[in-house]
Amino acid sequence: MVLTASTMLSLGTKAPDFKLPDVVSQKTISLATFTDKKALLVMFICRHCPFVKHVQQELAQLGKDYLQNGLGIVAISANDVKNYPDDAPDLLKEMAAELDFKFPLCYDETQEIAKKYTAACTPDFFLFDGEQKLFYRGQLDDSRPSNGKPVTGEDLRSAIDAVLASKAFTEEQKPSIGCNIKWKPGNEPDYFG
């Protein structure tokens with residue numbers, strides 16, 4: 001495990017398009033899937049990461065809490081399944097069922113979508129407004145697997161509430177921290193310097 005922080009993509013960046021299969025329904029999910037939504041949350045997660053496991057109940061709860069509020073949510077896993085078989089699509093499908101996800105969980109086999117979003121860690125969160133411009137990127141909250149702080153989703157929920165209410169969000173945006181995305185050998189992105 002390599003502790004990695006979000007790249008903190010520039011606010012206002014347009015959401016990169018994607019076309020990825022949902023591991024549960026097998027339907028293709030893209031930005032167009034969410035055109036009727038007031039906002040879109042893109043989460044990069046995986047199954048084996050202790051940081052994701054620490055917050056996975058809250059991720060599932062976000063999907064339930066905002067289901068009727070105009071927020072689109074998609075989770076994407078981009079890990080190299082050859083070297084990290086726990087993150088294979090069939091096991092991601094089990095994860096989605098176990099946690100009762102109310103949003104698609106997609107598999108980014110080529111890792112190109114993770115690169116387009118400059119995703120760095122799991123979990124990594126990107127919240128876009130109704131024009132699909134980046135409104136928030138950063139952490140779920142201050143909780144980490146070993147710091148004893150409760151998982152509340154406070155940072156991300158504040159941003160979601162603000163974007164859905166068409167309000168400015170001026171609070172500090174702290175990077176998410178988690179395991180690095182498991183890039184396929186030779187496929188590491190150049191945005192790490």
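This is a dialogue about how to read some features of a predicted model.

Reader: Which aromatic pairs does Y117 form, and how are they arranged?

Author: Rings of Phe, Tyr and Trp (its six-membered ring) pair if their centres lie within 6.5 Å; planes under 30 degrees apart count as stacked, over 60 as edge-to-face and the rest as tilted. A search of the whole structure finds eight aromatic pairs. In one of them, the ring centres of Y117 and F126 are 5.8 Å apart with planes at 70 degrees, so this pair is edge-to-face. Y117 and F128 also pair edge-to-face, at 5.9 Å centre to centre and 80 degrees between the planes. Y117 lies in the loop between α3 (112-116) and β7 (121-122), while F128 is in strand β8 (residues 124-128), so the pair ties together parts that are 11 residues apart in sequence. For the element names, helices (H or I, at least four residues) and strands (E, at least two) are DSSP runs, numbered from the N terminus.

Reader: Which residues make up the ring cluster?

Author: Ring pairs link F18, F44, Y117, F126 and F128 into a cluster.

Reader: Are Y117, F126 and F128 buried or exposed?

Author: Buried means under 20% relative accessible area, exposed over 50%, and partly exposed in between (1.4 Å probe, protein chains only). Y117 has a relative accessible area of 0%, so Y117 is buried. F126 is buried too, at 1%, and F128 is buried at 0%.

Reader: What is in contact with A15?

Author: Contact means heavy atoms within 4.5 Å. Leaving aside neighbours within four places in sequence, A15 is in contact with L31, Y117, F128 and Q132. A15 sits in the loop between β1 (3-5) and β2 (19-21), and at 6% relative accessibility A15 counts as buried. A15 and Q132 are 117 residues apart along the chain, yet their C-alpha atoms are separated by 5.4 Å.

Reader: What can the backbone tell me about Q132?

Author: Q132 has a positive phi of about 60 degrees although it is not a glycine. Q132 lies in the loop between β8 and β9 and is buried, with a relative accessible area of 14%. M8, in the loop between β1 and β2, also has a positive phi of about 60 degrees without being a glycine.

Reader: Which peptide bond is cis?

Author: The bond from T122 to P123 is cis, with omega near 0 degrees. P123 is found in the loop between β7 and β8.

Reader: How many cavities are there, and what lines them?

Author: Rolling a probe the size of a water molecule over the atoms shows where empty space is left. On a 1 Å grid over the protein atoms alone, a cavity is a set of points where a 1.4 Å probe fits but cannot get out, and a pocket is an open set with protein on both sides within 12 Å along at least five of seven lines; lining residues have an atom within 4 Å of a point. Grid points are joined across faces, edges and corners, and a volume is the space filled by probe spheres set on the points.

Here a search of the whole structure finds two cavities of 30 Å³ or more. The largest cavity has a volume of about 80 Å³. Of the 13 residues that line the largest cavity, V55, P123, S143, R144 and I177 are the closest to its centre. Helix α1 (residues 50-65) gives the most to that lining, with three residues. The second largest cavity holds about 40 Å³, and Q132 is among its lining residues, together with F34, T35, K37, A39, L40, D129 and G130.

Reader: Where does D142 lie, and which side chains make polar contacts with D142?

Author: D142 is in the loop between β9 (134-138) and α4 (154-164). A polar contact is a pair of N or O atoms within 3.5 Å; within protein, one must be able to donate a hydrogen and the other to accept it, and residues adjacent in sequence count only if both atoms are side-chain atoms. The D142 side chain makes polar contacts with the side chains of Q139 (2.7 Å) and K174 (3.1 Å). D142 counts as partly exposed, at 32% relative accessibility.

Note on methods: Residues are numbered from 1 along each chain as its sequence is written. Side-chain values use heavy atoms; hydrogens and water are left out.
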